[in-house]
Amino acid sequence: MLRKPILALSASSSVRKLITRLPLTRDVVNRFVAGETTADAVRAVRDLRAKGLQVTMDHLGEDTTDTAQADATVAAYLELIAALGEAGLADGAEMSVKLSAVGQALTGTDGHAYALASARKIADAAYAAGARMNLDIEDHTTIDSTLQILKELRTDHPDVGVAIQAMLRRSEQDLVQLTGPGSRVRLVKGAYNEPAEVAFQTPAEVDLAYVRGLKTLMAGDGYVMVGSHDPRMIKIAAALAEENGRGTDTYEHQMLFGIRADEQLKLRAEGKTFRVYVPYGSDWYGYFTRRLAERPANLLFFLRAMLTRS
């Protein structure tokens, strides 16, 4: 019930200023964000790898409207890839990239072409270092451009991955096109404030769409990334993998940094491949508010922190 109001309120510039200036906010954000610098990100990767967990890295930022900021985001990824390589941590790591952060949302220029060129730079550097790349999916207006860029990137790097949001009505058909050999897809429920004509609105509808998506992916030939914290979806994924004769090397589980950490270790102890989505950087507001909106437990955690500090 609170998801849409939180997402709508988060679009307010005055609310953004208030939240980002509250001293206590930074303390809470630290639970969900690994830090602001490349050194912070490398430290988080080292800690997670020591626990047997894989990582996918997100340099925070989105809806960039100037080329300087888009270029700065690309430079941040290149710096991270180099730092992970120097630390012996690049092999098997992933870079999760929002195309709106690297040029897709530019005005007055061809944002699609700029994002493609930017994404290529990151992909080339990642694969050269032994890492991979995954395209994050954003609101419904960006999907066609994102999937076209994915197609272009796969000409040089066939297993560039992509996230697909089960909540979008179009996703069932998109998934059918993304299940071929070598394809890598991260299925998530979705965290954007989308209208009813393009997205399912109730939790029950989204859950059913997620299960349908899992069935399509598990029956396909690609590598499946189960992006969910929901215990029911995790059990269903395991059942579908067994039903389709999939070994544990053909799919993995993913959760967000700072959420259900014990469950992450439990799944890894069961022999499952587990990857943590690790966000870092100073532009954390959009990411943070979506985390509050999608899980009541996160919002309660934030409110408890406010009451404790007041």
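This tour moves from the whole chain to single residues, naming at each stop what to select and what is there.

**Before selecting anything**

The structure is a predicted model in which local features need pLDDT of at least 70 and side-chain atom pairs count only at pLDDT 80 or more, while totals for chains, interfaces and linings use all residues. Residues are numbered from 1 along each chain as its sequence is written, and side-chain values use heavy atoms, with hydrogens and water left out.

**The whole chain**

Of the 310 residues, 52% count as buried; buried means under 20% relative accessible area, exposed means over 50%, and partly exposed lies in between, with a 1.4 Å probe and protein chains only. Among the contacts with a separation of 6 or more, 73% come from residues 24 or more positions apart, a contact being heavy atoms within 4.5 Å.

**Helices α5 and α6**

Select residues 67-86 for α5 and 111-128 for α6, whose axes come within 9 Å and cross at roughly 10°; the axes are lines fitted to C-alpha atoms, for helices over the stretch in contact, and angles run from 0 to 180 degrees between N-to-C directions. The two helices are therefore roughly parallel to each other, a label for angles under 35 degrees, as against over 145 for roughly antiparallel, 65 to 115 for roughly perpendicular and oblique for the rest. On the α5 side the contact is made by Thr67, Ala70, Asp71, Val74, Tyr77, Leu78 and Ile81, and on the α6 side by Tyr114, Ser118, Lys121, Ile122, Ala125 and Ala126.

Next select Met95 in strand β2 (residues 94-97), which is buried with a relative accessible area of 0%. Leaving aside neighbours within four places in sequence, Met95 is in contact with residues including Tyr77, Ile81, Ile122 and Ala126. Met95 and Met133 are 38 residues apart in sequence, yet their C-alpha atoms are 4.7 Å apart in space.

Met95 is also one of the residues that touch the most other members of the largest nonpolar core, which has 73 residues; the others are Met57, Leu84, Ile122, Leu135, Val162 and Val278. Such a core is a set of buried Ala, Val, Leu, Ile, Met, Phe, Trp, Tyr and Cys residues joined through side-chain atoms within 4.5 Å. Moving to Val278, and not counting residues up to four places away in sequence, one finds that Val278 touches Ala34, Ala44, Leu48, Val55, Thr56, Met57, Asp58 and Phe257.

**Helix α7**

Select residues 143-153, where the buried residues of α7 are Ile143, Ser145, Thr146, Leu147, Ile149, Leu150 and Leu153. These buried residues pack against α6, β3 (132-135), β4 (161-165) and α8 (171-176).

**Gln254**

Go on to Gln254 in strand β7 (residues 251-256), a buried residue with a relative accessible area of 4%. The side chains of Gln254 and Arg186 are joined by a polar contact of 2.8 Å, that is, a pair of N or O atoms within 3.5 Å; within protein, one must be able to donate a hydrogen and the other to accept it, and residues adjacent in sequence count only if both atoms are side-chain atoms.

**Two loop residues**

Finish with Asp63, in the loop between β1 (54-59) and α5, where phi is near 55°, a positive value in a residue other than glycine. Asp63 counts as partly exposed at 46% relative accessibility. Arg260, in the loop between β7 and α11 (261-269), likewise has a positive phi, near 55°, and counts as partly exposed at 26% relative accessibility.

Methods
Helix = DSSP H or I, 4+ residues; strand = E, 2+ residues; numbered from the N terminus.
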